[in-house]
Amino acid sequence: MEQLKQRIRTQGRILPNSVLKVDSFLNHQLDPGLLEAIGNAFASRFAKDRIDKVLTVEASGIPIALFTAKALGVNALFAKKFPSNKQFEHGYSALVTSYTKGTSHQIHVDSPFLLPGERILIVDDFLANGEAATGLIRLVQQAQAEVVGLGIVIEKGFQPGGQRLRQAGIRVESLAIIEAMDDQGITFAP
Ligand code: 5GP
């Protein structure tokens, strides 16, 4: 998605530990025009897949899920984050280690919102090691729903998450795949 790559090139900032900051349009300030285009791009890639619901994790996934769900004409659902030691009596939960913070937390959804047999599209802002995506996949599996695919806005292709998930048979659709990023700039996969 050229419009997205252009924004990453011009406004992305590379931080230590291979963290890309895109706070001007995706992770802090939000550009509704770009987010709408992102939602439309995911919706067209999964148009024939009879998606019932779009699932993400708070906070940065929410606008992506909302625009995607709007374009598909379905509901969006976001997993909430809780401390790693919280006990849940109902619903589905999974432990996730945060790439940017290095700490662990739980993600949780209430059972009425994720139903057996539902066809779920998972979306998120970044894919690095695949921790967040794997946690979301576990929630869908616990609910006996089906993961149709994973829509990622920015995949860091030099980190292992994408390869791991694809090898596990998950369909991963990324709108921009970064091959390398350093002082020289950002290189995208063709
Ligand atoms: P993973 O779970 O795949 O290791 O990392 C993905 C999650 O960590 C995303 O939900 C995102 O919030 C965060 N993340 C990973 N890498 C980056 C990055 O380079 N920049 C930003 N802003 N977030 C990232």
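1. A word on naming before we start: helices here are DSSP runs of H or I with at least four residues, and they are numbered from the N terminus. Keep in mind, too, that this is a predicted model. Just after helix α3, Gly-73 takes a positive phi of about 75 degrees.

2. Now α3 itself, residues 61–72. The expected span is 1.5 Å times one less than the number of residues. For the twelve residues of α3 that should give 16 Å, and the end C-alpha atoms are 16 Å apart, so the two agree.

3. Which residues of α3 are buried? They are Gly-61, Pro-63, Ile-64, Ala-65, Thr-68 and Ala-69. The buried residues of α3 pack against helix α2 (32–45) and against strands β3 (53–57), β4 (75–83), β7 (119–127) and β8 (146–156).

4. The sheet is open and has eight strands, in the order β5-β6-β4-β3-β7-β8-β9-β10, with mixed pairing. At its edges are β5 (92–97) and β10 (185–188), each of which pairs on one side only. From one strand to the next, the twist averages 30 degrees.

5. Strands β9 (residues 172–182) and β10 run antiparallel and are joined by four bridges. Ala-180 has Thr-187, in β10, as its bridge partner.

6. Finally, two helices against the sheet. α3 packs on it, touching β3, β4, β7 and β8, and the direction of α3 makes about 175 degrees with that of β3. Helix α4 (residues 131–142) lies across β3, β4, β5, β6 (104–109), β7 and β8, and runs at about 165 degrees to β5.

Technical notes: Residues numbered from 1 in each chain as written. Predicted model: local features only at pLDDT ≥ 70, side-chain atom pairs only at ≥ 80, totals over all residues. Heavy atoms only, no water. Buried < 20%, exposed > 50% of the residue type's maximum accessible area, 1.4 Å probe, protein only. Contact = heavy atoms within 4.5 Å. Pairing = 2+ DSSP bridges. Axes fitted to C-alpha atoms, helices over the stretch in contact; angles between N-to-C directions.
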